[in-house]
Amino acid sequence: MAKKPLVSYASYEVTLIVIETSMNKLLTVIVILAVVCFSCAESPTAAVSQKNTGLASAEQPAISVTNYTNDTTIRYPVPLIRGALADANATSVKVINTSSNRSTREMEGLAHEGNFKVLTELVGGSNKLIIRAGRDELGLTLNYKPQTNPYVVRVFYLTDKTGNTEYQTPIENDLQDYRGKLDTAMKLMQTFNAERMNDMGFGRVTFNLEFDADGRVKVHKLRTDDGADRYHRMDGLKLWSYSGRLISRRLGHPKAKDLVIPAFTRFDPNTGKAYAHTALGGGTLALFGGGNLFTWPSSLADAQKTFMDTRIIDTKKFFSDSVGRHTFWATASTTIGAALHELGHTFGMPHSRNRHDIMTRGFDRFNRVFTLIEPPHARRKGSYEFKENEIAFWAGPSAAWLKFNRWFALDEKDYCERNKTTITMERDSGNILVTSAHGIGGIILADKEHAYAHIPIDYNQPAPLRVDVPVARYRKYLAGERPAIRVIDTQGLSTVVTLRELMPRSFVRSWRFSPLTVPWDNPKCFVPVDSKRLRVIAASAASARLSKSETAYVDFLTHYPPERHRNVVAYALRTFTSDKAREVRIFTGSDDALRVWLNGKLVTQVLALRSVRIDSESNSAQIRAGENTLIVEVSQGAGGWGLYLRIEDQKGDDLALTEDGKVVTIEMPFLKTNPVDSGN
Ligand SMILES: [Zn+2]
């Protein structure tokens, strides 16, 4: 195998690369394979509590906290405290952290119709908080134990060679406090994760950030080598690769996922285009344009105010990435939420189907976690009383993926790097059997582009070593293009197997391997094969025994001695009979280059150094009545060496070859249903 990495800098295996267009359409460009990660089991902690010290009626305390019990310990500095007030007319609350001398000691929060949400910032250790509403007060102690997780999320502010940090802004005398904005946004994302994972029953898990001694998130200013012009000419993928290489060279970190925000993103009112604005995440790097930084809060004290800010952006002059809502609040919500979405891709997550999930356009509703009512916007006159289930979150499949992600582990751990997960299909029962000696952390049902559902796991119990997935029950989620099972173990290691691979009988697995091999000196061209040579190859293979592969994948390495495992070309032959002439499509995937001849006619050729994948390409061909001869040539550079090959008829039904070489139509029912719209 000769992998062609999309990025050469990634110190972790590049796993998932997803490009978004200007945020209106989510477009998956390439999904390779997912690696990922771990966290310790923390039991769900959502609980109601109150210790009312103020004036209150007998029925309802003046102030009650609904999402924290007294003396709770959390692993991130900014809790979002939610609760209820007896006074339904109150519009604000205050929280005073009497243990802190920072500027965030006193913070104001929102109240609406008897509910409140307020942020506070904790210092290490015990924090005595006072929540105040009118003349009422409630004491609450929260402990902050900083994470020890060495897997960390970093934030970079990318400037051109001049080092100019100014972002585009319509605000007069904008303080251009990019450090404050990035510090605040990263903390909000961290808090969002913990709160919403907890709401879903996954515990208050979230990623670690780099904090300085004052508790501020380190913002790495990264000065590039060229003028902004050059970066404005780059497309998103180029800028992403460029930023990745730069970070790797100057500040490479084997355990970091990085968010990069370019300062030089510019909206051109004449063309209506935004330059160096992109939304892209995968491997170790998430990139999101800085064109709307001017809407982001500069401090925690401003965070909730920002999400209530109804100022309208003049879209003739300035960028507004807000799905047409064009207010400051909506733009801040969409763009901070989208940055988190891109980080989601770096954690190995695909898009999902739940419209409130961060891994869909749910990120537009990032604001709702921190607010109680949504203000008007350009397309809506009134405020909107959103429901609990309309708040952005990590939907089931995403949360199940994050729970054991190493970046959500909270503490340093010794990981085992050996993947011990197996995924098999019991042909008779129709069960997919997942086993892992490390314990199974999450099972997600997905297709090429989307995660649909997850199999519930009780996180209060030790991680299961075996889980049976009854295909009949989950059939509607095992559909779409390339349905697959994604498993993450308790070590944060992931395994992805497509449903097709679990049902190998539709693949041509029995071949006669020719003893003839030839060197492959130049991977830029195939070795010459004319019709005479093809006859020689066929004759040499015809006398070899028929070897059957147990799996869908036909591994050439097992058929040739080790000294012929590099820079070599080899051939395999299969003859079969058909009762009639048929138009077919031949689906192939190979490692590396591939040619396929059917009855002497070349039907497939792919000259590439590539990793193997099922159904990389398909080509039409003619099977004739009577005997047919299929010859494959797989040219090998180095590493893995093998082939997937299967055949469909014109209707799209699978054709298989029986042991005695007859073409038959087979039922593959699980691969023929359409996907549903939303998972759990
Ligand atoms: Zn995406």
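## Confidence

Residues 1-19 keep a pLDDT under 50; pLDDT is the predictor's confidence in each residue, from 0 to 100. The model still has 67 contacts beyond four places in sequence for residues 1-19. Two residues are in contact if their C-beta atoms, placed from the backbone, lie within 7 Å. Over residues 21-56 the pLDDT is also below 50. That stretch has 119 contacts beyond near neighbours in sequence. Where pLDDT is low, the predicted coordinates should not be read in detail.

The chain as a whole averages a pLDDT of 89, and 89% of the residues score at least 70. This is a predicted model: local features need pLDDT of at least 70, side-chain atom pairs count only at pLDDT 80 or more, and totals for chains, interfaces and linings use all residues. Residues are numbered from 1 along each chain as its sequence is written.

## Overall make-up

The chain has nine helices and 38 strands. Helices (H or I, at least four residues) and strands (E, at least two) are DSSP runs, numbered from the N terminus. Of the 680 residues, 48% are buried. A residue is buried if 20 or more other C-beta atoms lie within 10 Å of its own, exposed if 12 or fewer, and partly exposed in between; C-beta atoms are placed from the backbone. Among contacts between residues at least 6 apart in sequence, 72% join residues at least 24 apart.

Helix H1 covers residues 178-199, 22 residues in total. From first C-alpha to last, H1 reaches 31 Å, close to the expected 32 Å. The expected span is 1.5 Å times one less than the number of residues. In H1, 19 of the 22 residues are buried, so the helix is largely enclosed by the rest of the structure. Glycine 201 follows H1, with a positive phi near 90°.

Helix H5 (residues 328-346) has 19 residues and reaches 27 Å, close to the 27 Å expected. Buried residues account for 19 of the 19 in H5, so this helix too is largely enclosed by the rest of the structure. Glycine 348 follows H5, and its phi is positive, near 90°.

## Nonpolar cores

A nonpolar core is a set of buried Ala, Val, Leu, Ile, Met, Phe, Trp, Tyr and Cys residues joined through C-beta atoms within 7 Å. The largest has 137 residues. Tyr157, Leu182, Leu259, Ile336 and Ala339 have the most contacts inside it. Isoleucine 336 is in contact with Ala185, Leu188, Met189, Trp296 and Phe366, leaving aside neighbours within four places in sequence. A second, separate core holds 38 residues, including Trp597, Leu630, Leu643 and Leu645.

## Lysine 257

Lysine 257 lies in strand E14 (residues 256-262). It counts as buried because it has 24 C-beta neighbours inside 10 Å. Not counting residues up to four places away in sequence, lysine 257 touches Val153, Thr284, Leu343, Thr346, Phe347 and Trp407. The C-alpha atoms of lysine 257 and leucine 343 are separated by 7.5 Å, although the two are 86 residues apart along the chain.

## Pairing around E8

Two strands pair if DSSP finds at least two bridges between them. Strand E5 (residues 80-85) pairs antiparallel with strand E8 (residues 115-119) over five bridges. Leucine 80 has leucine 119 in E8 as its bridge partner. Strand E7 (residues 106-112) also pairs antiparallel with E8, over three bridges. Histidine 112 stands opposite asparagine 115 in E8. The hairpin of E7 and E8 has two residues between the strands, and glutamate 113 takes a positive phi near 45° there.

## Two open sheets

Three strands form an open antiparallel sheet in the order E20-E21-E24. Strands E20 (421-426) and E24 (466-470) stand at the edges with a single partner strand each, so one side of each is left without a neighbour in the sheet. Six bridges join E20 to E21 (residues 431-436). Threonine 421 stands opposite serine 436 in E21.

Five strands form an open sheet of mixed pairing, in the order E19-E23-E22-E25-E26. Strands E19 (351-352) and E26 (494-498) stand at its edges. E22 (residues 440-446) and E23 (residues 450-454) pair antiparallel over three bridges. Leucine 445 has alanine 453 in E23 as its bridge partner. Helix H6 (residues 396-403) lies across E19, E22, E23 and E25 (484-489). H6 runs at about 80° to E23; axes are lines fitted to C-alpha atoms, for helices over the stretch in contact, and angles run from 0 to 180 degrees between N-to-C directions.
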